[in-house]
Amino acid sequence: MLSTGPELLRLLRLCFCVSLVLLSQVSGAKRDLKSACITCQQITDNFNKGFDRTAKQNFGGGNTAWEERKLSKYETSEIRLMEIVEGLCESSSFECNRMVEEHEEHFETWWFKRKTKHPDLHKWFCIETIKVCCPKGTFGPDCNACVGGSETPCHGNGMCDGDGSRGGNGKCSCNDGYTGEFCLDCSDGYFNEERNDTFSLCTECHTSCKTCTGATHQDCDECKEGWEEDDQEACVDVNECSKDPSPCKEDQFCLNTEGSYSCKACDKVCSGCTGAGPDNCQSCASGYQDTEGTCTDVDECHQSEPVCTKEHEDCINTEGSFVCVCSSGYEEKDGECVQTPQQDEAVESESPETTATQRGEL
Ligand SMILES: *[C@@H]1O[C@H](CO)[C@@H](O)[C@H](O)[C@H]1NC(C)=O
């Protein structure tokens, strides 16, 4: 009884693993159908490149008169074919090398027997012979026509899944601005400039429209957020900054933009502001005062009432504030400014006058 639990778990785990493996094989196989065609396309592209590359060569040394007679000319020779075949794959591409190895005899067949009858190697090799690709505009195991027809898949406004391969489902993923199974409908923000059963041209609406029937701000069906209908039923910008209360925080000012707004920090000399800089303050921040419409620093050290009131204390003005520091020769101790203890040489010297003189010289 006790062992039932763990065993059941183990069994469940096994089932789970097996189904995962099966699932990944199914999806892997689907992907493989598309990638097999891509690989084949690369192979035939490289074949054509190799064909051009070897066009001006000959046997290149060692070809005796016997060889010239016995073999056909280089142009149509097995040697040239081998040189082309060697350059078909990157050595690192497993799938490419496997495909070439598996079907090498087809290249010979095409080279010696079919070349004149089937000059298009991709068509003959990838589509008709090893059947990993389909003609353009078709997809899947039986090369069925894509949605919208093989002439103009997705009516020219999208990509057909698996187009040209033995994989995929033939359905459309539409380009920007287009939607629907056939990519003939326009997405929100676009309108049909032209449309019939097989053709559709969608154009972007004016920026103020969410949906529209034409190109201007008067053709909106619905305004986009940040825009509103005026009395001529055109969409115009909403001035968010004129709203009460303002959408921005107290230490910010509001900047209206087309279809939106932004909040920017006030200058640090301001307490509230209507714009950027020290001369757009509503009032001045503490430590600043209004001087002809601009907020400037208050010099607290030169006010009629002294702000640093302790003995042997100096005042230093700073931006927006001030600090009290002990005068030279004094240091802070328990909130008081006390004389700095004299240094060793000073202690050694006899009279306080000498010390003062020495300090003066320094
Ligand atoms: C649809 O419109 C396009 C472009 O205007 C045109 O070329 C095509 O012939 C039209 N097709 C039909 C069935 O009317």
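The legends below accompany close-up views of a predicted model of one protein.

**Figure 1. Overview of the predicted model and its confidence.** The mean pLDDT of the protein is 86, and 82% of its residues reach a value of 70 or more. Over residues 346-362, in contrast, the pLDDT is below 50, and this stretch makes 5 contacts in the model beyond near neighbours in sequence. The protein contains 8 helices and 22 strands. Of its 362 residues, 20% count as buried.

**Figure 2. The largest nonpolar core.** This core has 37 residues, and those with the most contacts inside it are Cys40, Cys126 and Cys133. At least two residues of the core come from each of the helices α1 (4-53), α4 (94-102) and α6 (121-129), and from each of the strands β4 (172-174), β7 (190-195), β9 (209-212) and β10 (220-223). Helix α1 gives the most, with 5 residues. In soluble globular proteins, nonpolar side chains tend to be buried together.

**Figure 3. The surroundings of the ligand.** Which residues surround the ligand? They are Glu194, Asn196, Asp197, Thr198 and Phe199. Sorted by class, this shell has 2 charged, 2 polar and 1 nonpolar residues.

**Figure 4. Asp163 and Gly164 in the loop between β3 and β4.** Asp163 lies in the loop between β3 and β4, and Gly164 is found in the loop between these two strands as well. Asp163 counts as buried because 22 other C-beta atoms lie within 10 Å. Leaving aside neighbours within four places in sequence, the contacts of Asp163 are Lys136, Gly137, Phe139, Cys146, Pro153 and Gly168. With the same exclusion of neighbours within four places in sequence, Gly164 is in contact with Cys37, Cys133, Cys134 and Lys136. Gly164 and Cys133 are 31 residues apart along the chain, yet their C-alpha atoms are separated by 5.7 Å.

**Figure 5. His155, a residue with positive phi.** His155 has a phi of about 55°, a positive value although the residue is not a glycine. His155 lies in the loop between β2 (144-145) and β3 (158-160). Is His155 buried or exposed? His155 counts as buried, because it has 21 C-beta neighbours inside 10 Å. The UniProt record, in an unreviewed entry, lists residues 142-184 as one of the stretches for "domain: EGF-like".

Figure 6. His312 lies in the loop between β18 (294-297) and β19 (313-318). The phi of His312 is near 60°, a positive value in a residue other than glycine. His312 counts as partly exposed because it has 14 C-beta neighbours inside 10 Å.

Figure 7. The peptide bond from Asp244 to Pro245 is cis, with omega near 0°. Pro245 is placed in the loop between β12 (235-237) and β13. Thr257 belongs to strand β13, which covers residues 252-257. Why does Thr257 count as exposed? The reason is that 12 other C-beta atoms lie within 10 Å of Thr257, and a residue with 12 or fewer is classed as exposed. The C-alpha atoms of Thr257 and Asn239 are separated by 7.9 Å, while the two residues are 18 residues apart along the chain.

**Figure 8. Gly287 in the loop between β16 and β17.** Gly287 is placed in the loop between β16 (281-284) and β17 (288-291). With 17 other C-beta atoms within 10 Å, Gly287 is partly exposed. Leaving aside neighbours within four places in sequence, Gly287 is in contact with Asp297, Val298, Gly320 and Ser321. Gly287 and Glu300 are 13 residues apart in sequence, and their C-alpha atoms are 8.2 Å apart in space.

Key
Residues numbered from 1 in each chain as written. Predicted model: local features only at pLDDT ≥ 70, side-chain atom pairs only at ≥ 80, totals over all residues. pLDDT = per-residue confidence, 0-100. Contact = placed C-beta atoms within 7 Å. Helix = DSSP H or I, 4+ residues; strand = E, 2+ residues; numbered from the N terminus. UniProt positions renumbered as here; feature names shortened; annotations may be inferred. Near = placed C-beta within 6 Å. Nonpolar A, V, L, I, M, F, W, Y, C, P; charged D, E, K, R; others polar. Core = buried A, V, L, I, M, F, W, Y, C linked by C-beta atoms within 7 Å.
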